[in-house]
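Good morning, and thank you for making time for this presentation. Please have the sequence and the structure open while I speak.

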Amino acid sequence: IAQQGIDAKGARHIVDCLFNLGQANTLELKLLQTAALLMTTSDLVHGDTLARTMVLCMKMVAACEGRDVSTSHAAAATVRQLVALVFERALAEADGTLKVNPADVRIQTNQKAPKDLKPCAVDAYLILQDIIQLINGDAANWLVGISDVPKTFGLELLDTVLTDFSPVFFKVSYFKHITEFRFLLKEHVCALIIRLFSPNVKYRL
């Protein structure tokens with residue numbers, strides 16, 4: 001992986017293997033390290049393959065019997081790193097410094113993203129959409145198998161996107177398809193923040 005000796009098909013096989021091992025709750029730290037290495041050393045993980053990578057890592061965030069706290073912390077750090085990487089690539093794609101071959105992207109049948117977005121923008125859009133879903137207490141649509149994350153963790157991810165990757169929403173020169181992301185910001189993020197600050201106790205953290 002580090003020598004970039006794999007193609008998109010090979011990356012999919014690696015992720016599928018990691019995902020299957022993750023289902024058995026085995027070698028979790030190694031799985032996290034391998035997933036992070038694959039994502040940071042290549043631009044091959046997109047679409048369904050990226051979703052499975054994110055699901056693999058996010059499932060390890062929650063503490064459970066047989067999983068120590070250090071693994072959960074490592075998983076949370078890996079998820080933060082991957083979310084940031086996805087948005088970095090979306091901005092690079094919009095700026096023309098990164099190009100992804102759509103033929104290399106395995107698309108989920110349940111994908112709900114605007115059709116005219118480029119591959120990296122689609123990934124960013126769907127991840128942001130699911131982060132909002134999870135904070136709201138709903139199951140993720142794209143990250144199949146993730147129905148719950150700690151609300152504070154979800155808010156940390158949302159804060160990272162809003163703080164570090166604001167060009168996605170505001171700088172048209174960077175992002176031609178800015179309207180789709182602004183729609184998420186206006187219709188979902190703002191509504192979420194209003195609910196979280198609601199005096200109604202059921203919406204509080």
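Predicted model: local features only at pLDDT ≥ 70, side-chain atom pairs only at ≥ 80, totals over all residues.

**Overall architecture**

Read from one end of the sequence to the other, the protein chain follows the pattern α-α-α-α-α-α-α-α. The secondary structure of the chain amounts to 8 helices and 0 strands.

The protein chain has 205 residues, and 47% of them count as buried. Its accessible surface comes to about 10500 Å², with 55% belonging to carbon and sulfur atoms. If we take contacts between residues at least 6 apart in sequence, 65% of these join residues at least 24 apart.

Let us begin with helix α1, residues 8-23. This helix has 16 residues and reaches 23 Å from its first C-alpha to its last, close to the 22 Å expected at 1.5 Å a residue. Its buried residues are Ala8, Gly10, Ala11, Arg12, Val15, Asp16, Leu18, Phe19 and Gly22. Against what do they pack? The buried residues of α1 pack against α2 and α3. After α1 comes Asn25, which has a positive phi, near 55 degrees.

Ala8 deserves a moment of attention. Ala8 belongs to helix α1, and its relative accessible area is 7%, so the residue is buried. The C-alpha atoms of Ala8 and Val105 are separated by 7.9 Å, although the two residues are 97 residues apart along the chain.

Next, please turn to Ser42, in the loop between α2 (28-41) and α3 (47-58). Is Ser42 buried or exposed? The cut-off for buried is under 20% relative accessible area; Ser42 has 12% relative accessibility and therefore counts as buried. Its side chain reaches the backbone oxygen of Leu38 at 2.9 Å.

I come now to the interior. In soluble globular proteins, nonpolar side chains tend to be buried together. In this model, the largest nonpolar core has 63 residues, and those with the most contacts inside it are Met54, Val79, Val83, Phe87, Leu128, Leu143 and Phe181. The elements that give two or more residues to this core are α1, α2, α3, α4 (69-95), α5 (119-135), α6, α7 (167-170) and α8 (178-196). Which element supplies the largest share of this core? That element is α5, with 12 residues.

Two residues illustrate the packing. Leaving out residues up to four places away in sequence, Phe87 touches Ala124, Leu128, Val161, Phe165, Val168 and Phe181.

Ile127 counts as buried because its relative accessibility is 1%. With neighbours within four places in sequence set aside, Ile127 is in contact with Leu50, Met54, Val83, Val86 and Trp142. For Ile127 and Met54, which lie 73 residues apart along the chain, the C-alpha atoms are separated by 9.1 Å.

**Helix α6**

My last item is helix α6, residues 151-164. With 14 residues, α6 reaches 20 Å from its first C-alpha to its last, close to the 20 Å expected at 1.5 Å a residue. Where around the axis are its buried residues? In α6, the buried residues are Phe153, Gly154, Leu157, Leu158, Thr160 and Val161. These residues cover an arc of only 150 degrees around the axis, and therefore lie on the same side of α6.

Notes: Residues numbered from 1 in each chain as written. Heavy atoms only, no water. Helix = DSSP H or I, 4+ residues; strand = E, 2+ residues; numbered from the N terminus. Expected span 1.5 Å × (residues − 1). Buried < 20%, exposed > 50% of the residue type's maximum accessible area, 1.4 Å probe, protein only. Arc of directions from axis to C-beta. Polar contact = N/O pair within 3.5 Å; in protein donor to acceptor, adjacent residues only side chain to side chain. Contact = heavy atoms within 4.5 Å. Core = buried A, V, L, I, M, F, W, Y, C linked by side-chain atoms within 4.5 Å. Areas by Shrake-Rupley, 256 points an atom, 1.4 Å probe, with all protein chains shown as cover.
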